[in-house]
Amino acid sequence: MADDVDQALGAVGPRLRALRRERETTLAELSRATGISVSTLSRLESGARKPTLEQLLPLARAHGVTLDELVDAPPTGDPRVHLRPVTRNGMTMLPLTRRAGGIQAYKLIIKDTARRREPDPQTHEGYEWLYVLNGRLRVILGEHDLVLSPGEAAEFDTRVPHWFGAADSEPVELLSLFGRQGERAHLRARPRTKGTD
């Protein structure tokens with residue numbers, strides 16, 4: 001049992017470094033967010049020091065992961081599916097559904113680093129619906145170059161060349177629904193009845 005704990009804690013360092021690099025955060029920024037000194041963070045990442053619970057809690061919070069994810073805890077028999085975020089090229093994608101077929105839902109967080117890349121519109125089979133929660137989203141869709149603000153949505157056939165990213169220096173959060181060709185998100189609205197505001 002003690003060997004398992006030592007092994008789990010020994011593997012935390014590389015995971016901490018990978019999480020920090022994925023989020024493009026410096027040790028100094030992480031130190032400010034957690035209250036842990038830069039030198040201690042460096043020793044934790046290199047594996048020269050084993051983390052304590054008092055260090056793991058603020059680190060998990062700062063990286064937006066659970067303690068179980070941070071220490072790669074073994075499954076406990078919990079039947080729920082724990083969907084894990086994936087971060088690539090300044091975009092974090094959190095799957096909200098996990099089933100074969102049908103419409104898939106995701107929460108996306110796009111940092112401005114994605115904005116600095118040259119847009120490279122792509123095509124593929126499917127249909128997508130985007131809804132902006134926070135920030136501003138730049139969407140290139142065929143000949144159109146649009147900026148969506150919180151509360152705005154876009155719906156399109158993904159066979160049309162498309163690209164999206166942060167419209168400015170602030171991160172953007174959005175919901176994405178993606179389905180196979182022909183599956184669309186349908187919004188239903190009723191006309192306002194007389195006498196209501």
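This report walks through the helix packing and strand pairing in the structure above.

This is a predicted model, where local features need pLDDT of at least 70, side-chain atom pairs count only at pLDDT 80 or more, and totals for chains, interfaces and linings use all residues. Residues are numbered from 1 along each chain as its sequence is written, and side-chain values use heavy atoms, with hydrogens and water left out.

**Confidence**

Let's start with pLDDT, the predictor's confidence in each residue on a scale from 0 to 100. The chain averages 80, with 77% of its residues at 70 or more. Among the elements of the chain, strand 6 has the highest mean pLDDT, at 95, while helix 7 (residues 112-116) has the lowest, at 61. Helices (H or I, at least four residues) and strands (E, at least two) are DSSP runs here, counted from the N terminus.

**Helix packing**

Axes are lines fitted to C-alpha atoms, for helices over the stretch in contact, and angles run from 0 to 180 degrees between N-to-C directions.

| Helix pair | Axis distance | Angle |
|---|---|---|
| Helix 2 (residues 12-22) and helix 5 (residues 53-63) | within 11 Å | roughly 30° |
| Helix 3 (residues 27-34) and helix 5 | 9 Å | about 115° |
| Helix 2 and helix 4 (residues 38-46) | 6 Å | about 115° |

With its angle of roughly 30°, helix 2 counts as roughly parallel to helix 5; the cut-offs are under 35 degrees for roughly parallel, over 145 for roughly antiparallel, 65 to 115 for roughly perpendicular, and oblique for the rest. The crossing of helix 2 and helix 5 is left-handed, meaning that the near helix is turned anticlockwise from the far one by less than a right angle; clockwise would be right-handed. Val12, Leu16, Leu19 and Arg20 of helix 2 touch Leu56, Leu59 and His63 of helix 5, with contact meaning heavy atoms within 4.5 Å. By class, that's five nonpolar, one polar and one charged residues. In this scheme Ala, Val, Leu, Ile, Met, Phe, Trp, Tyr, Cys and Pro are nonpolar, Asp, Glu, Lys and Arg are charged, and the others, Gly among them, are polar.

Helix 3 packs on helix 5 at about 115°, which makes helix 3 roughly perpendicular to helix 5. Their crossing is right-handed. Leu30, Ala33 and Thr34 from helix 3 meet Pro58, Leu59, Ala62 and His63 from helix 5; the classes here are five nonpolar, two polar and no charged residues.

As for helix 2 and helix 4, packed at about 115°, helix 2 brings Gly13, Pro14, Leu16, Arg17 and Arg20, and helix 4 brings Leu44, Glu45 and Ser46. This contact has three nonpolar, two polar and three charged residues.

**Strands**

Now the strands, which count as paired if DSSP finds at least two bridges between them. Three of them make an open, antiparallel sheet in the order 6-5-8. Strand 6 (144-148) and strand 8 (162-166) sit at the edges with a single partner strand each, so one side of each has no neighbour in the sheet. The twist averages 15° from one strand to the next. Five bridges hold the antiparallel pairing of strand 5 (residues 137-141) with strand 6, and Val139 stands opposite Leu146 in strand 6.

Elsewhere, strand 2 (residues 91-95) runs antiparallel to strand 3 (residues 104-110), joined by five bridges, with Met93 opposite Leu108 in strand 3. Strand 3 also runs antiparallel to strand 9 (residues 172-179), through seven bridges; Tyr106 has Ser176 of strand 9 as its bridge partner.
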